[in-house]
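Please consider the sequence and the model shown below. The paragraphs that follow lead through its confidence, its helices, its disulfide and its backbone geometry.

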Amino acid sequence: MKFYLLPLLLLLSTVTFSQTDSRIYDIIESISADRLQKDITTLANFGTRNTFSDTISDTRGIGAARRWIKSEFETISKECKNCIQVFYQKDFVTTNVGERVPKDSWIVNVVAIQKGTKYPNRYIIMTGDIDSRNSDTMDYEGDAPGANDNATGMAGTIEAARVLSKYSFENSIIYLGLSGEEQGLFGGKGFAEFAKKNNWEIIGVLNNDMIGNIEGVDGVIDNRSFRIFSEPTPPTETEKERNSRRFYGGEVDGISRQLARYTHKQIQTYMPEMNPMMIYRLDRFGRGGHHRPFNDLGYAGIRIMEAHENYNRQHQNLRSENGIAYGDVLEGVNFDYVAKLTAVNAVVLANLAWAPPAPTKVLIGGIVEPNTKLRWEKSNDETIVGYKIYWRNTTSPQWEFSRFVVNVDNFELKGIVIDNFYFGVAAVGKNGHESMVVFPSDIIRNTFRTN
């Protein structure tokens with residue numbers, strides 16, 4: 001009997017910390033394509049949401065759009081007994097800040113914060129862009145419905161708030177509508193600086209920009225695949241950190257790349273019918289998105305978007321030429337697909353909002369040794385039951401191997417040679433949710449006791 005008991009207990013322990021959370025499946029099921037269609041239609045029907053368009057009208061222009069967005073967040077907050085704080089965050093820009101600024105104006109973002117019960121100053125952010133444009137970004141009076149770019153991302157952010165506001169989370173979630181994207185990422189820059197000024201701890205930013213097109217200009221129709229763009233390392237790293245990579249590795253292991261891997265893993269777990277494509281690039285070739293201003297300040301941020309773009313529907317005046325319809329209109333949006341990518345965001349938001357703080361000061365050792373040693377600084381969070389050590393082949397895009405260890409601050413992987421793999425550590429909570437993986441920041445320079 002004793003011979004079989006220990007393996008059984010080990011198996012049960014493994015299952016306990018690899019099981020899924022049934023609430024996540026409920027969240028996925030709650031995302032409504034019908035509500036998304038209604039919201040996308042409302043946003044497109046404002047005619048134009050150019051950053052410099054009408055701010056007085058109640059039916060046309062960016063002013064009407066942002067007031068409607070704010071009112072939707074306020075309605076959601078009332079339904080959850082004021083669980084969401086809603087406000088505008090704004091910055092003034094003048095014509096001398098960029099060639100795409102036709103007049104001095106306020107860049108106004110709409111912010112909705114669902115405060116965490118345990119860590120109110122730790123935030124995971126979902127963003128969508130409020131603004132739209134046509135062929136001429138300086139044309140702030142002509143029609144620019146922006147149905148896919150980016151009413152889909154904005155509507156998805158509102159829908160995520162509707163669904164997730166019914167739950168309580170340890171970490172805070174921000175549902176964010178950003179302006180000024182088409183003119184130079186002004187909204188994201190202003191809000192990232194606002195977060196920095198207020199000493200917010202940003203876990204990560206999920207930027208949603210075009211999540212509704214399934215018919216690519218290349219002729220491919222695909223309602224399952226989507227792309228995750230992430231930069232390899234932060235632009236804020238020090239010269240010492242850059243030099244360390246030459247000897248210790250980590251060229252593709254910055255915090256944004258870890259957020260991308262986390263997203264990929266959660267979707268493969270909870271939405272296996274989807275095909276997440278990790279793209280090793282900050283954004284599309286030569287182009288930009290609103291996660292970049294956060295990256296610029298050292299925050300983890302990724303872009304989530306459709307896999308196959310249709311350039312005939314992007315940044316185009318409404319017209320028909322040679323039998324081709326140009327313009328970003330509602331007919332180009334697949335609302336079921338928007339629901340799927342909204343669910344992708346909700347899955348990641350919920351997992352991170354329920355996850356414990358990640359370990360800090362992760363160190364690694366094992367030079368000219370047969371084993372790899374890891375040390376980290378534990379959190380004082382009493383819900384942490386242990387840590388998960390991950391490793392992978394240096395050419396692998398995803399973490400391949402893992403080992404759960406009890407609530408300790410160091411461990412030695414016997415027989416795993418440090419030269420052949422990359423390593424990281426994540427915290428595991430009692431609820432089974434994991435933090436993002438933390439890549440070692442330095443080497444162990446002295447010996448320590450191992451388990």
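The pLDDT is the predictor's confidence in each residue, on a scale from 0 to 100. For the protein chain its mean is 94, and 95% of the residues reach 70 or more. Residues 1-17 have a pLDDT below 50, and beyond near neighbours in sequence this stretch has six contacts in the model, a contact being heavy atoms within 4.5 Å. Where pLDDT is low, the predicted coordinates should not be read in detail.

This is a predicted model, in which local features need pLDDT of at least 70 and side-chain atom pairs count only at pLDDT 80 or more, while totals for chains, interfaces and linings use all residues. Residues are numbered from 1 along each chain as its sequence is written, and side-chain values use heavy atoms, with hydrogens and water left out.

Helices (H or I, at least four residues) and strands (E, at least two) are DSSP runs, numbered from the N terminus. Helix α9 comprises residues 255-270. From the first C-alpha to the last, its 16 residues reach 22 Å, close to the 22 Å expected at 1.5 Å a residue; the expected span is 1.5 Å times one less than the number of residues. Residues count as buried under 20% relative accessible area, as exposed over 50%, and as partly exposed in between (1.4 Å probe, protein chains only). Helix α9 is mostly covered, with twelve of its 16 residues buried. Among them are R257, L259, Y262, T263, Q266, I267 and Y270.

What does α9 meet in α11? Residues L259, Y262, T263, Q266, I267 and Y270 of α9 meet V344, V347, V348, N351 and L352 of α11. An α-helix has 3.6 residues a turn, so residues three or four places apart point the same way. The two helices, α9 and α11 (residues 335-354), pack at an angle of about 110 degrees with their axes 10 Å apart. That angle makes α9 roughly perpendicular to α11. Here axes are lines fitted to C-alpha atoms, for helices over the stretch in contact, and angles run from 0 to 180 degrees between N-to-C directions. Angles under 35 degrees count as roughly parallel, over 145 as roughly antiparallel, 65 to 115 as roughly perpendicular and the rest as oblique.

Helix α11 also holds N345. This asparagine, N345, is buried, with a relative accessible area of 0%. Leaving aside neighbours within four places in sequence, N345 is in contact with M126, L206, N208 and I304.

The structure holds one disulfide, defined as a pair of cysteine sulfur atoms within 2.5 Å. The bond joins C80 to C83, with an S to S distance of 2.0 Å. The torsion about this S-S bond is about -85 degrees, so the disulfide is left-handed. C80 counts as buried at 17% relative accessibility, whereas C83 is partly exposed at 25%.

Most residues other than glycine have a negative phi, and most peptide bonds are trans. N82, in the loop between α4 (62-79) and β1 (84-93), has a positive phi near 60 degrees. At 61% relative accessibility, N82 is exposed. K361, in strand β11 (residues 360-365), has a positive phi of about 50 degrees although it is not a glycine. K361 is exposed, with a relative accessible area of 58%. A cis peptide bond joins D149 and N150, with omega about 5 degrees; N150 is found in helix α5 (residues 147-164).
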